[in-house]
Amino acid sequence: MLKDLEGISITVDLNIKIGGAAGQGLDTIGSVLSKTLMKCGFFVFGTQYYLSRIRGGHNTFQIRISNEPVSAMDEEVDILIALDRDSIEKYIDGMSDGVVIVDRDVVQFDKEHDSLFHVPLLKIAKDTGGNKLYANSVAVGAAMGLMCLDFDVLAGVLSSIFKKKGQEIIDTNIKAARMGYDYAKDNYPQGCKFSIEEPEKHENKMLIAGNDAVALGALAAGLHFLSAYPMTPSTGVMNYIAGKSDKLAVVVEQAEDEISALNMALGASFTGARSMVTTSGGGFSLMVEALGLAGATETPVVIFLAQRPGPATGLPTMTEQGDLLFALHAAQGEFPRCILAPGTPEECFYMTAEAFNIADQYQIPVIVMSDQYLADSLFTCERFDPSKVSIDRHLLSDEDIRDLEEEYKRYELTSTGISPRALPGQKGVLVCADSDEHNEFGHIDESQGNRIDMTCKRMNKLELLADGMQPPEVYGPEDADLTLIGWGSTYGPLAEVVDTLNDKGGSVNLVHFSRIYPLPVERTRNILSRFNKRVCVENNITGQFARLLGIETGIEISEKVLRYDGLPFSPQSIIDDLKQKGMV
């Protein structure tokens with residue numbers, strides 16, 4: 001869709017959807033198109049909907065492009081690449097002025113429709129390369145042709161993607177794409193359907209998924225050891241780090257289960273290695289006992305928790321924000337922890353790096369919460385700056401140990417609750433730890449007085465940690481009539497809702513939280529109390545974050561927009577819900 005803004009300039013806001021069954025190459029088409037369109041100079045946002053199966057089902061890869069930043073999906077479809085009949089039946093009636101690229105020799109669809117555009121993908125693929133696999137490149141070329149974009153950019157992307165497969169494969173894919181490109185330009189009735197002007201090429205920008213940003217943040221923070229049992233949607237972090245492990249001297253261990261994974265990470269951390277685990281809700285359930293061990297022994301560790309709908313296996317390839325209160329209260333007893341929930345790739349990078357510093361400083365587990373939507377979606381953003389990442393280990397040096405005036409106490413009682421941390425094997429100290437309640441030296445002590453001292457010592461860290469947590473950011477006008485409240489991955493859709501409604505004469509702002517626990521209560525209360533009409537927007541059924549805000553600040557958020565069907569919010573879905581509630 002091309003939008004004319006006050007007759008001055010054209011804003012590009014175009015939505016491409018690839019639909020088909022698992023195994024038909026949706027990811028290949030989507031990835032190639034996303035990279036190509038980004039290199040053409042557009043801001044690109046890409047997201048996937050896929051079922052938990054290797055073959056069959058109905059899956060989609062959706063790409064949104066604009067010459068302005070975008071970080072949410074749109075429900076409109078301008079170009080549909082239909083690899084199966086289900087895709088046509090599901091989306092064609094909602095396409096008012098779009099194009100359906102379909103090979104009608106392969107996909108049988110009896111009805112006629114103005115949007116249908118036959119492209120003989122299979123025939124071109126076989127004529128060009130003798131193999132049906134090249135049909136995906138033909139489809140990408142046809143989509144580029146409908147937009148009249150520079151083919152050379154696509155050729156460069158294909159060369160980069162297939163460079164390890166040899167020049168013959170590169171040349172054949174480029175030839176197939178060129179045939180699709182020319183076919184679309186020569187045979188579409190009106191020529192280029194979307195003749196859009198390419199913006200200036202991006203400087204210092206990249207296309208990245210949330211999981212890859214988390215992995216880069218961990219590497220920038222000096223990660224030494226990662227252990228995990230693969231579980232969607234967290235596995236991408238482990239895979240990315242494993243691919244860089246030899247070059248960056250990181251040990252990656254695929255454990256036999258999640259119980260072992262976190263215990264391995266705690267063992268590595270106890271010896272001084274910066275350690276993390278990656279998991280989703282079901283795997284985190286198995287880690288709960290080891291989480292308590294981290295709390296009792298005050299062993300720093302970072303846990304990446306990528307949420308998906310539960311309970312049990314639930315919807316393993318879909319999204320939800322249903323694990324917040326579980327993460328907050330997991331494990332028996334009371335001990336401090338920190339919960340971070342980045343909302344953008346930039347926050348995924350810098351906040352993951354920050355998580356390691358928090359874990360080391362306060363000697364606690366830090367849980368970085370994401371979800372399938374943020375983990376797997378593609379965003380166009382500025383390249384990260386590793387020089388902004390500091391590595392603060394908060395360990396006793398050999399000189400510190402020589403200056404000790406009395407015997408070293410691993411769990412020394414201090415006003416902040418943070419004890420000096422030495423590592424096993426350091427000369428001049430004996431480091432003892434125990435999962436039983438222990439005294440300052442780390443030896444078992446079951447006396448009531450010691451229990452009170454140690455419980456208070458551990459929990460005292462929360463006050464200092466809360467003081468250092470940044471309050472939520474306010475996006476939009478300070479004097480807005482309506483305030484949306486969100487956390488984690490809802491930032492992109494909510495920010496667009498604010499912009500859309502305000503452009504139409506509304507008065508809306510957003511209070512978005514990425515640092516979830518502990519909250520800086522007074523500063524949070526002061527921000528929320530400025531706004532009278534508040535709505536909390538969450539991907540769960542119970543409004544978990546609204547409940548947490550009520551408990552922590554005493555401010556009740558009675559109005560909620562909740563989604564729990566396994567799909568992420570789109571800006572339009574939020575606006576529709578607000579309209580139904582009579583709030584806009």
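Strands, in this predicted model, are DSSP runs of E that are at least two residues long, and they are numbered from the N terminus.

Q: In which strand is the place of Thr278, and is Thr278 buried or exposed?
A: Thr278 belongs to the strand that spans residues 275–279, which is S11. Residues up to four places away in sequence set aside, Thr278 touches Leu226, Ser227, Ala228 and Tyr229, and also Ser234, Val237, Met238, Met287 and Phe304. Because buried means under 20% relative accessible area, the 1% relative accessibility of Thr278 in S11 makes this residue count as buried.

Q: How many aromatic pairs does the structure hold, and which geometry has the pair of Phe117 and Tyr188?
A: The structure holds 12 aromatic pairs. In the pair of Phe117 and Tyr188, the ring centres are 5.2 Å apart and the planes stand at 90°. Planes over 60 degrees apart count as edge-to-face, so the pair of Phe117 and Tyr188 is edge-to-face.

Q: How many residues apart in sequence are the parts that the pair of Phe117 and Tyr188 ties together?
A: Phe117 counts as buried at 6% relative accessibility, and Tyr188 is buried as well, with a relative accessible area of 10%. Phe117 lies in strand S7 (residues 116–118), whereas Tyr188 lies in the loop between helix H6 (167–187) and strand S8 (205–209). The pair therefore ties together parts whose separation in sequence is 71 residues.

Q: Is Phe349 buried or exposed, and what does Tyr350 count as?
A: The rings of Phe349 and Tyr350 have centres 4.7 Å apart and planes at 85°, so this pair is edge-to-face. Phe349 has a relative accessible area of 3% and is buried. Tyr350, at 26% relative accessibility, counts as partly exposed.

Q: Which ring does the charged end of Lys193 sit over, and which ring does Arg337 lie over?
A: The charged end of Lys193 is 5.8 Å from the centre of the ring it sits over, that of Phe194. Arg337 lies at 4.4 Å from a ring centre, over the face of Phe335.

Q: What is the volume of the largest cavity, and how do the residues of its lining divide?
A: The structure holds three cavities of 30 Å³ or more, and the largest cavity has a volume of about 60 Å³. Its lining includes Phe270, Glu298, Arg410, Tyr411 and Arg421. The residues of this lining divide into five nonpolar, two polar and three charged.

Q: Which element gives the most to the lining of the second largest cavity?
A: The second largest cavity, with a volume of about 50 Å³, has among its lining residues Ser269, Val301, Phe356, Asp360 and Arg393. The elements that give two or more residues to this lining are strand S12 (301–307) and helix H13 (345–362). With three residues, the element that gives the most is H13.

Q: Which elements do the buried residues of H20 pack against?
A: Helix H20 (residues 571–580) has as its buried residues Pro571, Ser573, Ile574, Ile575, Asp577 and Leu578. Residues three or four places apart in an α-helix point the same way, because such a helix has 3.6 residues a turn. The buried residues of H20 pack against strand S17 (482–487), helix H17 (491–503), strand S20 (534–538) and strand S21 (559–562).

Methods:
Residues are numbered from 1 along each chain as its sequence is written. This is a predicted model: local features need pLDDT of at least 70, side-chain atom pairs count only at pLDDT 80 or more; totals for chains, interfaces and linings use all residues. Side-chain values use heavy atoms; hydrogens and water are left out. Rings of Phe, Tyr and Trp (its six-membered ring) pair if their centres lie within 6.5 Å; planes under 30 degrees apart count as stacked, over 60 as edge-to-face and the rest as tilted. Helices (H or I, at least four residues) and strands (E, at least two) are DSSP runs, numbered from the N terminus. Buried means under 20% relative accessible area, exposed over 50%, partly exposed in between (1.4 Å probe, protein chains only). A charge sits over a ring if NZ of Lys or CZ of Arg is within 6 Å of the ring centre and within 35 degrees of the ring normal. On a 1 Å grid over the protein atoms alone, a cavity is a set of points where a 1.4 Å probe fits but cannot get out, and a pocket is an open set with protein on both sides within 12 Å along at least five of seven lines; lining residues have an atom within 4 Å of a point. Grid points are joined across faces, edges and corners, and a volume is the space filled by probe spheres set on the points. Ala, Val, Leu, Ile, Met, Phe, Trp, Tyr, Cys and Pro count as nonpolar, Asp, Glu, Lys and Arg as charged, and the others, Gly among them, as polar. Contact means heavy atoms within 4.5 Å.
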